[in-house]
Amino acid sequence: MVYVLSVYPCSVVLQVNPCKSCWVFYMGEQGLIKRLATSLVPLLVLHVLDKFGELHGYLIAKKLRKMVKFHLSLSTLYPVLKRLEGDGYIVGRWVLSEGRSAKKYRITSKGKETLRVAKEFFAERLAEVLF
């Protein structure tokens with residue numbers, strides 16, 4: 001089962017596609033799923049960078065998809081990367097890769113500490129709710 005999530009300015013579309021059948025779930029701007037998805041994407045990005053090291057945006061999205069069956073569009077991911085970089089949670093640097101420029105990101109010590117605190121917070125407070 002693969003979940004495809006795109007966060008738009010006014011909506012969230014969650015598409016579940018098991019066995020070639022498809023359901024689309026839509027919530028308006030104030031919907032619970034949008035708020036949850038929007039707030040968890042930065043933590044998921046920090047987790048991927050902490051686990052796999054320095055990556056460019058496309059590989060971050062690919063790792064997210066493989067690791068948690070979570071497809072994040074690049075148009076949603078890049079603003080998150082920019083915000084995380086601006087806030088000092090990650091650092092980006094331009095590199096030449098296969099004749100093209102690519103920006104690679106890595107987690108900072110501030111990002112690692114934030115990720116650690118967030119994992120503790122969710123483990124302590126949400127374990128009973130989620131499991």
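Student: Which helix holds phenylalanine 121?
Tutor: This is a predicted model, where local features need pLDDT of at least 70, side-chain atom pairs count only at pLDDT 80 or more, and totals for chains, interfaces and linings use all residues. Residues are numbered from 1 along each chain as its sequence is written, and side-chain values use heavy atoms, with hydrogens and water left out. Helices here are DSSP runs of H or I with at least four residues, and strands are runs of E with at least two, numbered from the N terminus. Phenylalanine 121 is found in helix H4.

Student: Is phenylalanine 121 buried, exposed or partly exposed?
Tutor: Buried means under 20% relative accessible area, exposed over 50%, and partly exposed in between, using a 1.4 Å probe and protein chains only. Phenylalanine 121 has 39% relative accessibility, so the class is partly exposed.

Student: And leucine 72, buried or exposed?
Tutor: Leucine 72 lies in strand E5, residues 70-72. Its relative accessibility is 1%, so leucine 72 counts as buried.

Student: What is the strand order in the open sheet of three strands?
Tutor: Two strands pair if DSSP finds at least two bridges between them. The pairing in this sheet is antiparallel, and the order is E4-E7-E6.

Student: Why is one side of strand E4 and of strand E6 left without a neighbour in the sheet?
Tutor: Strand E4 (55-56) and strand E6 (90-97) stand at the edges. One side of each is left without a neighbour because each has a single partner strand.

Student: Which residue in E7 is the bridge partner of glycine 92?
Tutor: E6 and strand E7 (residues 100-107) pair in the antiparallel sense over eight bridges. In E7, the partner of glycine 92 is tyrosine 105.
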